[in-house]
Amino acid sequence: MDVSNDVRVTIRVDRELKERAESLFNHLGMNMTTALNVFLRKAVDEEAIPFTINAKGNEFRYSDIQRRKLSLGEKTAQTEEHFQKAVADEIARNRANGYPIALYDIKSKRVYLEYADGRREYAQ
């Protein structure tokens, strides 16, 4: 991934979803950009959405989703483990290729790029 080839992608999401996702990604030590890049790379590598999508009938219902979350509780740790491995793989791949890595500094609550030489460049 050549930084000069980076493009900006704009998406619309529900505010609560965005906040919950940012909280999760911060807990995992990354920002939204890194998480979305991990998802996109995984989808392209597998040539598929990297998880199962299904619904009863033609629409998702909040109560169904909540019920599934309860029944999938035991799978949460395994899913988080796989996600963390995918992130670690993405970071290792970028480091091996000498690309800067987007990270989040939890203490200063700031996003930064870490370059192959160890230099950090914080976002304004």
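Biologist: The side chains of Arg95 and Glu114 meet in a salt bridge. What counts as a salt bridge here?

Modeller: A side-chain nitrogen of Lys or Arg must lie within 4 Å of a carboxyl oxygen of Asp or Glu. For Arg95 and Glu114 the N to O distance is 2.6 Å. The pair links distant parts of the chain: Arg95 is in helix H4 (residues 73-96), Glu114 is in strand S2, and they are 19 residues apart. Helices (H or I, at least four residues) and strands (E, at least two) are DSSP runs, numbered from the N terminus.

Biologist: What kind of model is this, and how are the residues numbered?

Modeller: This is a predicted model, in which local features need pLDDT of at least 70 and side-chain atom pairs count only at pLDDT 80 or more, while totals for chains, interfaces and linings use all residues. Residues are numbered from 1 along each chain as its sequence is written, and side-chain values use heavy atoms, with hydrogens and water left out.

Biologist: Are Arg95 and Glu114 buried or exposed, or in between?

Modeller: Read the relative accessible area: buried is under 20%, exposed is over 50%, and partly exposed is in between (1.4 Å probe, protein chains only). Glu114 is buried, at 14%. Arg95 is partly exposed, at 44%.

Biologist: How many salt bridges does a search of the whole structure find?

Modeller: The search finds 8. One of them joins Glu46 to Lys42, with the closest N and O atoms 2.9 Å apart. Both residues lie in helix H2, 4 residues apart, about one turn of the helix. Glu46 is partly exposed at 40%, and Lys42 is partly exposed at 37%. Asp117 and Arg119 form a salt bridge too, at 3.5 Å from N to O. There, Asp117 is exposed at 59%, and Arg119 is partly exposed at 42%. Shared partners also join Arg41, Glu90 and Arg93 into one network of salt bridges.

Biologist: On to the sheet. What is the strand order?

Modeller: First the general idea. Strands of a sheet pair through backbone hydrogen bonds, either parallel or antiparallel. Two strands pair if DSSP finds at least two bridges between them. In this model, an open sheet of 3 strands has the order S1-S2-S3, with antiparallel pairing. Strand S1 (101-105) and strand S3 (120-122) are the edges, and each pairs on one side only.

Biologist: How many bridges join each pair of strands?

Modeller: S1 and S2 are joined by 5 bridges. S2 (residues 110-114) and S3 pair over 3 bridges. Asp105 stands opposite Arg110 in S2. Ala102 has Leu113 as its bridge partner in S2. Glu114 is partnered by Arg120 in S3.

Biologist: Which way do the side chains of S1 point?

Modeller: In a regular strand the side chains alternate between the two faces of the sheet. In S1, Ile101, Leu103 and Asp105 point one way, and Ala102 and Tyr104 point the other way. The strand is mostly covered, with 5 of its 5 residues buried.

Biologist: Where should I look for positive phi?

Modeller: Start with the turns. The S1 and S2 hairpin has 4 residues between its strands, and Lys109 in that turn has a positive phi of about 55 degrees. Lys109 is not a glycine. It is exposed, at 64% relative accessibility. The hairpin of S2 and S3 has 5 residues between the strands, and Gly118 takes a positive phi near 90 degrees. Glu47 lies in the loop between H2 and H3, and it is exposed at 74%.
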